[in-house]
Amino acid sequence: MKQAQLGREQLLGLGLLAPTLILFILLIGYPLVDSLYLSLQRTSTLTLASHFVGLGNFRALFGDPEFWAAFAHTLVWTAGTLTLQLVLGVGMALALHGPLFARSLARGLVLFPYLLPTAVAVLVWRWLFNDLYGFLNYALIALGIVAHPVAWLSRTPNAMISVIAVGAWKFFPFVVIAVLARLQSIPETLYEAASIDGASPLAQFWDITLPQLSGVLAIVVLLRSIWDFKEFDLVYLMTGGGPGTSTETLPILVYREAFQLLDFGRGAAVAVAMLAFLLVPFAAYFVVIRRLESRGT
Amino acid sequence: MAAVQLEHLRKEFADGTIGTHDLSLQIEDGEFLTLLGPSGCGKTTTLRMIAGLEHPTGGSIFFGTRRVDHLAPAARNVAMVFQSYALYPHMTVRRNLEYPLRKRRLGPTERAARVHQTAALLKIDGLLDRRPRELSGGQQQRVALGRAMVRDPDVFLLDEPLSNLDAELRAHMRAELIQLHHALGRTMIYVTHDQMEAMTMSSRIAVLHQGRLQQLDRPDVVYHRPTNRFVAGFVGTPAMNFVAGETIPDRAGTRFRSALFEAQLPLEIEAKGKVLAGVRSEDLELVAGAGAARVAVVETAGHETLLWLDTAAGRIVSRTGPTARLRPGDLVSVAVKGEKLHLFDNATGVRLPVA
Amino acid sequence: MIRTFGRILKNLAVWAVVLAIVFPLLWMISTSLKPDSETFALPPTLLPLHPTLVQFRRLFAQTPFAVYFINSVIVSVATTAIVIVVALAGAYALVRFRFPGRQMMAQLTLVTYLLPTTVLLLPLYVLIARVGLANSLFGLALAYVTFTLPFALWLLRSFLVGIPVDLEEAAMVDGAGRIHAFVEIVVPQALPGIISTALFSFILSWNEYLYAMVFINEDARKTLPPGVLTMLNQNQNVQWALLMAASVVMALPLVIVFSFLQGHLSRGFGAGAVKG
């Protein structure tokens with residue numbers, strides 16, 4: 001009787017899970033494998049190329065300076081925007097944790113950039129960055145900070161910097177939410193004990209807040225670096241990869257190869273290369289999660 | 001030296017609740033003073049004001065002749081043991097103990113010496129390289145104590161430090177704290193709602209209720225001569241029995257009469273009309289057979305027996321020796337010696353006559 | 001005294017930063033209410049001198065915006081509906097039932113959530129085309145399932161874990177079957193979590209650009225993000241005020257969702273996003 005019931009329970013459980021599994025396999029598992037497959041082939045043909053030819057895409061890619069340039073751009077973009085996101089995010093979280101006038105309103109407002117469609121964010125910022133009529137140039141000139149209108153998106157170092165800044169603006173609220181949630185779970189008595197022990201507010205931040213945040217920060221860094229690395233929409237819509245290819249990141253290269261140069265196989269190869277690069281932070285993420293869970297945080 | 005004086009200390013919180021009303025208290029240097037009372041009585045608020053974690057709305061705090069209520073906690077040279085221990089979770093025991101010394105910029109050799117001395121005294125020297133989460137409750141508590149002791153402060157503040165321990169460990173730690181107090185000779189201010197802790201450990205007890213001081217005395221005085229109905233009912237387990245009655249004059253002096261029993265009062269006590277009489281459970285004398293009380297429940301606890309009696313005056317409890325020959329349903333008569341009665345004013349609850 | 005002064009200063013500084021962050025959105029709204037003449041005037045005005053709704057009228061009357069809007073609604077609702085039903089069942093299975101590989105499944109959902117959309121883009125394109133769903137809203141919704149399902153599963157799982165088993169067990173002792181207990185006891189309890197997850201999924205679908213751009217090339221079937229952005233690149237003289245109006249309308253569902261979720265947001269992210 002018990003056995004039958006257990007068996008039935010198990011079946012029910014699997015039944016409930018089945019649609020999820022099916023969709024996972026169909027829409028994620030299969031395409032994942034297929035992308036590896038595609039990367040070993042040429043565009044229009046769907047027949048599997050020989051092994052030798054198969055790696056040809058990768059070999060061509062790794063010998064192509066444009067590929068490495070895109071990789072470098074991706075690293076610069078990721079590192080730049082991630083650093084800004086962290087600084088802004090932690091700072092804002094600390095500010096929103098302590099006493100503040102209309103604090104819940106502030107907490108709500110700060111989240112908006114993150115929830116906005118990237119398309120909207122891009123439109124707004126491109127309008128702000130507009131050389132002639134954009135508000136940013138007007139304000140900077142009026143304040144006397146610059147003499148001439150700045151070309152935010154059409155000049156080489158500027159474009160990457162602008163994109164990094166907009167990326168920070170768009171994604172830092174994620175850091176705020178994660179850090180704020182953790183800050184609120186630090187027991188107040190720790191700070192009280194430290195103040196009795198003689199610690200100044202700065203010492204308290206260093207000795208108590210930062211160590212308590214280390215877990216969250218590790219996770220946030222890993223997650224955001226993965227997501228920023230693979231970000232297509234923001235960079236593509238801001239600059240299209242330009243001027244020239246100076247802001248072309250790997251995701252944009254995938255798109256360009258597959259849909260503009262019509263070399264499907266090469267596009268897939270770039271995507272697979274991206275996946276390979278991401279395996280490191282992937283693995284790191286799981287290691288960190290496991291360590292945090294065993295620590296009981 | 002390190003006598004602590006509270007003068008007219010008042011705390012009003014932002015939402016309007018009053019923590020303490022006009023609290024004045026003089027704590028002698030080197031004594032173990034317990035702030036005792038039910039939750040919400042203001043004892044923790046008072047402790048936190050002494051520590052500097054709360055700002056008094058009015059009044060002042062002195063350490064000796066030094067006025068401290070404006071000073072930050074770090075400047076007061078107090079040490080505090082929190083109910084939750086508040087050990088720094090990412091630091092080893094050693095670093096936890098060192099922390100206050102680092103903040104006071106002691107050199108490494110001196111720090112190490114003090115840490116070892118304190119650890120040895122508390123018998124935690126084997127745990128110095130562990131993290132707090134690896135320790136048991138009792139061990140964590142000692143580390144919290146150690147962190148307080150390592151600085152050699154003027155005043156120790158302890159906020160219900162034993163409440164998170166199981167009963168056996170609690171009894172053990174009570175004894176250790178008493179020994180520690182003797183060894184260190186420092187002023188200790190202890191907060192608890194457990195009157196057994198208060199009774200066994202304190203030089204004096206300050207009983208607080210709703211933000212006001214009810215009585216400040218040695219434990220035996222608080223127990224045997226409670227100043228009001230609240231203190232009488234709060235201190236002592238099981239709680240004191242209360243019987244309504246009246247005091248009337250007779251040929252021999254004054255007599256107490258109630259629905260349950262009568263007693264002749266000591267000569268100094270005058271007749272005052274209606275009163276509330278308190279009787280400790282161990283002072284009731286029961287005679288089996290007929291009577292105005294019926295046994296409701298018999299609780300045998302090994303070394304003693306508690307008899308819960310239903311009477312015209314309500315339910316009362318009597319404490320007797322281990323041999324209880326009474327059973328539920330038995331009738332008993334209740335008697336009390338007059339000098340064992342505690343009489344309280346019906347309206348104010350103040351002890352009669354006022355000592 | 002000094003303390004209050006310092007506190008005021010701190011409040012001002014923080015709010016200055018908050019306003020700076022929100023400024024682009026305010027500028028967006030301001031521009032959307034300006035006529036073209038004022039939009040391209042120098043110096044630019046913070047508040048419109050002659051506020052007008054002409055841009056919005058143009059948006060709906062003279063551009064395919066309304067079509068894009070409806071398409072976005074259809075796709076987002078469809079994706080959310082599919083994902084909620086499937087993820088709820090799956091999350092419940094993961095939380096309440098014991099079967100081999102349960103742990104692995106939970107880990108797996110995390111992995112899929114981290115996958116780059118660009119990796120799946122090309123094979124999904126081929127797959128959707130082969131099934132004959134190229135250029136269709138339903139095909140797009142299916143593509144959206146790839147990144148909304150793992151996320152929803154993760155979120156719902158963390159919400160369900162917080163519901164004590166005792167309630168269902170009491171219901172089952174009282175005579176309800178497993179599924180009944182789930183529908184009548186668990187779902188009402190988890191409703192705030194379910195709603196939060198649904199709204200998150202909706203936002204994710206609503207905001208998506210890449211798949212929408214690649215999978216749909218017929219203008220009448222486009223969703224908002226690619227549709228509005230083609231308006232950007234249409235002519236040399238970019239109609240910024242019009243685009244700002246489009247942006248305002250595109251951001252509208254977000255605002256509605258947001259005011260719904262006020263308190264839930266931080267809990268949802270905090271619980272789901274950071275924990276494993």
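1. How many helices and how many strands are there in chain C? Chain C holds 13 helices and 0 strands, where helices (H or I, at least four residues) and strands (E, at least two) are DSSP runs numbered from the N terminus. Read from the N terminus on, the elements of chain C accordingly run α-α-α-α-α-α-α-α-α-α-α-α-α.

2. A word on the basis of this note: this is a predicted model, in which local features need pLDDT of at least 70 and side-chain atom pairs count only at pLDDT 80 or more, while totals for chains, interfaces and linings use all residues. Residues are numbered from 1 along each chain as its sequence is written, and chains are lettered from A and ligands numbered from 1 in the order in which they are written.

3. Taken along the principal axes, the box filled by the C-alpha atoms of chain C is roughly 75 × 70 × 35 Å. Of its 276 residues, 47% count as buried, a residue being buried if 20 or more other C-beta atoms, placed from the backbone, lie within 10 Å of its own, exposed if 12 or fewer do, and partly exposed in between. Among the contacts in chain C with a separation of 6 or more, 75% come from residues 24 or more positions apart, a contact requiring that the C-beta atoms of two residues, placed from the backbone, lie within 7 Å.

4. The domain assignment divides chain C into domain 1 (2-56) and domain 2 (64-274), with bounds that come from an automatic or database domain assignment. The C-alpha centres of these two domains of chain C lie 32 Å apart, and the contact takes 9 residues from domain 1 and 7 residues from domain 2.

5. On the side of domain 1 of chain C that touches domain 2, at least two residues are supplied by each of α1 (2-32), α2 (36-39) and α3 (54-62), and the largest share, 4 residues, comes from α1(C). This side divides into 3 nonpolar, 4 polar and 2 charged residues, where Ala, Val, Leu, Ile, Met, Phe, Trp, Tyr, Cys and Pro count as nonpolar, Asp, Glu, Lys and Arg as charged, and the others, Gly among them, as polar.

6. Chain B and chain C are joined by no contact, and their closest C-alpha atoms lie 14 Å apart.

7. Where chain B meets chain A, the contact takes 17 residues from chain B and 14 residues from chain A. On the chain B side, β6 (78-81) and α2 (93-103) each supply at least two residues, and the residues of that side comprise 12 nonpolar, 2 polar and 3 charged.
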